[in-house]
Amino acid sequence: MKRELARLISGQIFLHACMTGMRMATPLLALQQGYSAMAVGVLLALFSLTQVFMAIPAGRFTDRHGLKKPVRFSVVVACVGAGLAIVWPIFPVLCFGALTTGGATGITVIALQRHVGRMASDANQLKETFSWLAIGPAISNFMGPFFAGLLIDHAGATPADASGFRAAFVMLSIMPLVAWFWIRKVQEKPVEPVLPEHANNRVWDLLHEPLMRRLLLVNWLLSSCWDVHTFVVPVLGHERGLSASVVGTILGSFAVASAMIRVVLPWIARRLQEYRLLTGAMVCASLIFAVYPLFDSALAMGICSVCLGVVLGVVQPMIMSTLHQITPDHRQGEALGLRIMTVNASSVIMPLIFGAAGAVAGVSVVFWVVGTCVASGTPQAWRLRPKHASHPS
């Protein structure tokens, strides 16, 4: 791994950990202050909501300004959002912190992914580079909540008192500064000039390309698998009479498996093309969803969870590699923003649909319907073969 890529991954870990720590700490504080589960649900939705509306403008901004300016802006916004919660740990400020840290993370992800894609010289390097980059969120998903939880429980006079939460918010507000420490010395790539004939392009023009439509469809289907697993497994575990700790272990095994496969993915990606890995992921995910509701034991559900984590863990790097090959250099940030917008919009809307469908037909049917949809989209993944790559830049 190149030193510059290691710096980018380190910066991503700390900025993303700020958001994941806030996503764990703010609901706990809101519940402690007496707010309802509905209010907490709204609070959690705000972490994704900003990215739905800011993703495309952020992508255009990164196309014009490169890496450091968007990241510097994100660092300031994240520090302000987490820092205000130190001074005023009240529900409206927690909502503001959710909006700012979620939005800052989204902007940073777009800028980093665009920069990393431009570092690669061919399709094989694209796959390997994005495989390494995908390890960052897996680490930060553990690091942010873990250290925030330690401070909440042990930094105050009593567990989960106001001082503990303030200490957690102090740590989370420092993390974006650490991210900037790692990223500030990364060498900026030249900004692609926008030709006059491209000056008035709209983001929806990207959808005129059939490969882009297929990519977004495949990405949405596989992201829905992630969402439905996170949403339905607690409900399914409750129906099976499993304890909260067992359900948490099942979900945790999914996260660990998705992280571990990304460690070895750079070597796998050298030998298999993106469309083959994506097609295999869709086939395996649909099969797992078909049998998942049939098992009653925690062990069997845990095995299914691990298998699904391995399958879905390979998806994002392959999606990112394909996206950079089918998108013009001067619009890659915009295309990344379009992808993030669709993923986060799905994360906001799909749980509502899953909940309604589960209440009417049962959660097992939700698994089978989503699995069928994923299986039906498999031909689109098989046809996701770039005719020519936009690299080297």
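Buried means under 20% relative accessible area, exposed over 50%, and partly exposed in between, with a 1.4 Å probe and protein chains only. The model is predicted: local features need pLDDT of at least 70, side-chain atom pairs count only at pLDDT 80 or more, and totals for chains, interfaces and linings use all residues. Residues are numbered from 1 along each chain as its sequence is written, and side-chain values use heavy atoms, with hydrogens and water left out.

**Exercise 1.** Determine whether serine 253 is buried or exposed, and describe its surroundings.

*Solution.* Step one: serine 253 is located in helix 9 (residues 244-269); helices are DSSP runs of H or I, at least four residues, numbered from the N terminus. Step two: because its relative accessibility is 19%, serine 253 counts as buried. Step three: a polar atom of the serine 253 side chain lies 2.6 Å from the backbone oxygen of isoleucine 250. Step four: leaving out residues up to four places away in sequence, serine 253 touches Gly302, Ser305 and Val306, where contact means heavy atoms within 4.5 Å.

**Exercise 2.** Classify threonine 62 and list its contacts.

*Solution.* Step one: threonine 62 belongs to helix 2 (residues 37-65). Step two: with 0% relative accessibility, threonine 62 counts as buried. Step three: beyond residues up to four places away in sequence, threonine 62 touches Pro70, Ile110, Ala111, Arg114 and Gly333.

How values were computed
Helices (H or I, at least four residues) and strands (E, at least two) are DSSP runs, numbered from the N terminus. A polar contact is a pair of N or O atoms within 3.5 Å; within protein, one must be able to donate a hydrogen and the other to accept it, and residues adjacent in sequence count only if both atoms are side-chain atoms.
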